Amino acid sequence: MNAPAHGHDHVHDDGGHHHHHEMTFVEKYIFPTDHKYIGKQYLLTGMLMAVFGGFFAYAFRMQLAWPGSDIPLFGHMSPAEYNAAVTNHGTIMIFWVAMPVLIAAFGNFLIPLMVGADDMVFPRLNRLSYQIFLVSAIVIVASLFVPGGGFGGAWTAYPPLSGDSAYNLTPLGSSLWLVAVALEFVAFLVGGINFIVTAMNARAPGMKWTDVPMVVWMICIASILFMASVGPLMAGAVMLLFDQTLHTGFFDPRQGGDPILWQHLFWFFGHPEVYVVLLPATGMVAEVVAVHSRKKLFGYKTILFTAVGTGVLSFFVWAHHQFIAGIDPRMANIFTITTVLISIPIAEMMFLYIATLYGGSIRFTTPMLWALGFIFAFLIGGVTGIPLGASGADIYLHDSYFVIAHFHFTFFPIAFIGTFTGLTHWFPKMFGRMMNETLGKIHFWGTIIAVHCLFLPMFVLGLAGHHRRIYDYTNFPELSTPFLTNIGIFATVSLLVLLAFQFVFVFNFFYSMFKGPVAEANPWKAGSLEWQCPSPPPHGNFGEHLPTVYRGPYEYSVPGRDKDYWPQSEPA
Amino acid sequence: MAEFIPVANTRSASGVPTGKLALYWLLCSEIVIFGGVLASYLMHRLAHPEFGLQAAHTNVYAGTINTFVLLTSSLMAVLAHSAAEHGDGKKAAKYLWFTIAGALMFLCIKAAEWTSEIQHGYTITSSPFWSFYYTAAGIHASHVIAGALVMLWVIQSAKKNKYLYRVENVGLYWHFVDIVWIFLFPLLYIAK
Amino acid sequence: MSASHAAHHDDHDGHAGHGAAHGPARYIKIWAVLCVLLVISVLGPELEIQVVTLLTAFGIAGVKAYLVMKEFMHLDVEKPIIWYILATGVVFIGMFFAAVSVDVMNHDGARWSNDAAKRAVVAGLAAGDPANHHGAAEHHEAEGAAEAAPAQH
Amino acid sequence: MIESLVPSGSTFAGDIDGLFVLICVIVGVFFFATLGMFLWMLVRFRARDGVPAQYITGNEPHLKTWITTPHAIIILCDVLLIVGALRVWYNVKQHMPEDVEVIGVVGQQWAWTFVHAGPDGKIDTSDDIAVIDEMHVQVDKEYVFRLESVDVLHSFSVPTWRLKQDAVPGRVILGWFEATLTGEFGIQCAEMCGIGHGIMGARLFVETAEEHAAWMAQAGGTSS
């Protein structure tokens, strides 16, 4: 009831500016406030940062397979460079690839469209969020080229190593790394508030909370998780920055500080962070599974409750990253219980996705293949987490390649398979053109096979005692037997194959963007609101009349209708 | 550049005005940030009796006056809200100026206090207590500065009787900053 | 006129029924109460009785925060969703404290002991003892000595 | 499963391996059952001309059973896993043998120092034998290790024993082990500790009582 009054205010008050639809190039592409362009900016920045992350992966896998050799495009790799490469690979892939693409790019693009709004609630705040993010991306890249090199203390940045340049030997790199991460958090706090408030307040008339598409829910839950968990780490980042630059002793035992405190501050954020990126990916998979099997989601509310349950439970499990890190062993018992219990909601979520396929009419389009690939790979990632969460087995597996294999089987499906799911599905809406299905399928099969060949052998390496972040295994006779060396080489070759297949995607992406067949408004015959406006949507999304919602987003194959989908905005 | 204020901004499906809802989410994120610092401080404080001896060197008078200043500026903020509620933007702007004056006074007292402490040799590296003292109060002071800047921006529209709901929102933020100080004051100054 | 304002106010912010209770006069009254509480919280610890210190310093901080939230922020008439939002932050921080204090607040635990913290306590107490405290310079020396000692074990 | 890759050389190594096998069996059953269901659905419900999808909301009792039953079984399996994990954890990390010889382990950038108790069996006495990057223990004898770090975090990891514990500067962390297999094994640092992390290894020598006494005589003689 007060809403029209506000709107009235806004229209008439802009300090002399008046609203016009023709925007200059700079307004439209460089400093846009339109959520779709900000989403695309996030997407392209994230993809660019993925090149950095991927290049690091290439470089250190080459070093591991053929220690000391000259790496093409990189040259000889020193231990400091190796550490910087693994550290920044992890940091960039999580904070500058998974987060911007999954939450910010898809959140920006999809939330206003899916809730039937013309933009985010705070478009300029949204632009600010991207600008802060861009600065953080520039800082993290700059940190690699300062004297002393990039920060090499692992993405967890455990002090005292990260807090004292006498230990890490990267006085500038470590501070810039920390500043970049903190700036990135600020960007996502601002962006997250925008997402949550948009979904809470800007829903189309008639849209009940059970009518909100799953991916919107997931991005909002993820944003809330992020917001509630990142605070202690923000505080910790300030404290660690003071340790680095002013030589305070928050985490320095020589001055009465406590390094364990940082581990808690970090993992209190770090574990929910996993679910921050997981939930948007599962949301996109839910959308794609429903649309491409022409089925209503199996138990919409149950999926939602499993997501909320996973999110809440994820706050109670963080110390399983620290079982052997010097925390009190009695605490480990509590955290083992909570960690193993988190398997219940997340397994149920996967069951419900698979159950959605039951009775469906599954079309094996590229997005559907990616969604199915996500379920398959994430199942592996999920079940291999159990030995790590069970404290007894973690004693041996902690910080081994088993951990690496496990979390890459979660993060690769999340960050890449999830992204490809969303990108191939919403590409027509984003760019108004269809992607090439044949190239898409080649890319899918190449990627999915290569990624399993890359990470499955690492389980074996981990069980054989390979530890993480080791520059050269030939220093350890037990770890450089011909058998283990060959496994490492096999993994590296798989990585090269994996990277090679990404060129297929990049070509398909840019070629289709300009030369692909023009897409109709609703190429997948989907019911949710974003498909009820033109492709690509104009500024303001739905034109003069924003939609009204009459039903849930997943009314597929309703008996008695001649069409097998039922748009949310179509009056009964 | 053309301003585009979307219809989305004017909707209120949750029943809470958009600006206020966003503000409370912001406060939620601030609670965990300050909570992180204060929880870390408290853990050390309870385990390190020597913190009490060092806390005895803090200037309780400065802290008390600063608490008084912040409480008063909070009063000004709520009076501004009251004026804005009655549609009197000019009066609201006036009260917000008083609030900003309070913020400046707070910062001046803080600066004088820190100067004297640093001259006495109590710097941020003196001991973990002083590290926490400067860090926690510093993070709080940065919020005071941010709040004052936002208020300057709100005043510009309020004095033209526009966007009066912003007066309430910036006031809410200011009360939060006040509440944080209400807890920082006994934690850093009084508990010995 | 004022009735219509009150009605508008209720409409605007959902402060149903409280339009009359919140006014400048009441705000000033609350401010006066807050100032009195501030004086009590400063004077309480002067008695140097620990229970009184805790009660006056932290109990009154709680009361002050409550008053600001209720009277100035009008949280009492806000929709429940606002409470849930704020409670999210508070609850998670409480949980963080509960779990982390086991490691950080204790200096001894099952099969571990935090010797650095114990040394810091001893050195800090020695340096902060009024009997031998003559300024920060000495304070630094004492700390330096405490650092040097354990390195030789 | 693990012992085919790394020999099982301590009293609790077998427990950890057994726990791992237990977990693998439980989650393996779930994994393959889920996968089978998944693949079956992909084949059974692939798009076919003239066969429309069904309208299922997820509230149908006969279908919901397929979710709630595995759900209940997962809870049961979780209890089993937790009991198994906590048993092993208690034995390795919480239980503590009393009155046994102590070995000091000190990590620093980038070497391990092992302080052996020497002939008198007591640490922190004059006959201690401190050796860099070499640890000598006697087989079938319980030891307590006292883990410290000088500078940054390190992690004392002995794959053969399935033993891993971080060393935290400023803290003293205790643990125990009993070797069951003689021979020479590797020790690594398993926590990022700077540019030399990749070379921070040490050798572990598990010896019979006679060999150990001989080493002690020789090392004690040269070091004093």
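What follows are my notes on the chains, a few residues and the strands.

**Ground rules.** I am working with a predicted model, where local features need pLDDT of at least 70, side-chain atom pairs count only at pLDDT 80 or more, and totals for chains, interfaces and linings use all residues. Residues are numbered from 1 along each chain as its sequence is written, chains are lettered from A and ligands numbered from 1 in the order in which they are written, and side-chain values use heavy atoms, with hydrogens and water left out.

**Chain A, overall.** I began with secondary structure, taking helices (H or I, at least four residues) and strands (E, at least two) as DSSP runs numbered from the N terminus. Chain A has 18 helices and 0 strands. Its radius of gyration is 24 Å, close to the 25 Å that the globule rule gives for 572 residues, so chain A is as compact as a globular protein of that length. For the record, that radius is taken over C-alpha atoms, and the rule is 2.2 Å times the number of residues to the power 0.38. I also noted the box that the C-alpha atoms of chain A fill along the principal axes: roughly 70 × 55 × 50 Å.

I call a residue buried under 20% relative accessible area, exposed over 50% and partly exposed in between (1.4 Å probe, protein chains only). By that count 72% of the 572 residues in chain A are buried. The accessible surface of chain A is about 16,800 Å², and 71% of it belongs to carbon and sulfur atoms. Those areas come from the Shrake-Rupley method with a 1.4 Å probe, and for residues only the protein chains shown count as cover. I then took contacts (heavy atoms within 4.5 Å). In chain A, 80% of the contacts with a separation of 6 or more are between residues 24 or more positions apart.

**Charges in chain A.** I counted Lys and Arg as positive and Asp and Glu as negative, leaving out His and the chain ends. Each charge is placed at NZ of Lys, CZ of Arg, CG of Asp or CD of Glu. The 25 positive and 32 negative charges of chain A have mean positions 10 Å apart.

**A:Gln131.** I found this residue in helix 5 (residues 123-142) of chain A. Is A:Gln131 buried or partly exposed? A:Gln131 is partly exposed, because its relative accessible area is 27%. Its C-alpha atom is 14 Å from that of A:Ala105, 26 residues apart along the chain.

**Chain B.** Here I listed 6 helices and 0 strands. The C-alpha trace of chain B spans about 55 × 30 × 30 Å along its principal axes. Of its 192 residues, 70% count as buried. Chain B exposes about 5,900 Å², with 70% supplied by carbon and sulfur atoms. The mean positions of its 12 positive and 9 negative charges are 9 Å apart.

**B:Arg166.** This one is in helix 6 (residues 165-190) of chain B. B:Arg166 counts as buried because its relative accessibility is 16%. Leaving aside neighbours within four places in sequence, I found B:Arg166 in contact with B:Trp153, B:Val154 and B:Ser157.

**Strand 6 of chain D.** All 5 of the 5 residues in strand 6 (residues 154-158) of chain D are buried. In a regular strand the side chains alternate between the two faces of the sheet. Which residues cover each side of strand 6 of chain D? D:His154, D:Phe156 and D:Val158 are on one side, D:Ser155 and D:Ser157 on the other, and all are buried.

I count two strands as paired if DSSP finds at least two bridges between them. Strand 6 of chain D pairs with strand 7 (residues 163-167) of chain D in the antiparallel sense over 5 bridges, and D:Ser155 has D:Asp166 as its bridge partner. These two strands form a hairpin with 4 residues between them, and D:Arg162 in the turn has a positive phi of about 60°. Strand 6 of chain D also pairs antiparallel with strand 9 (residues 183-189) of chain D, over 2 bridges; there D:Phe156 has D:Cys189 as its bridge partner.

**Between chains.** No contact joins chain B and chain D, and their closest C-alpha atoms lie 15 Å apart.
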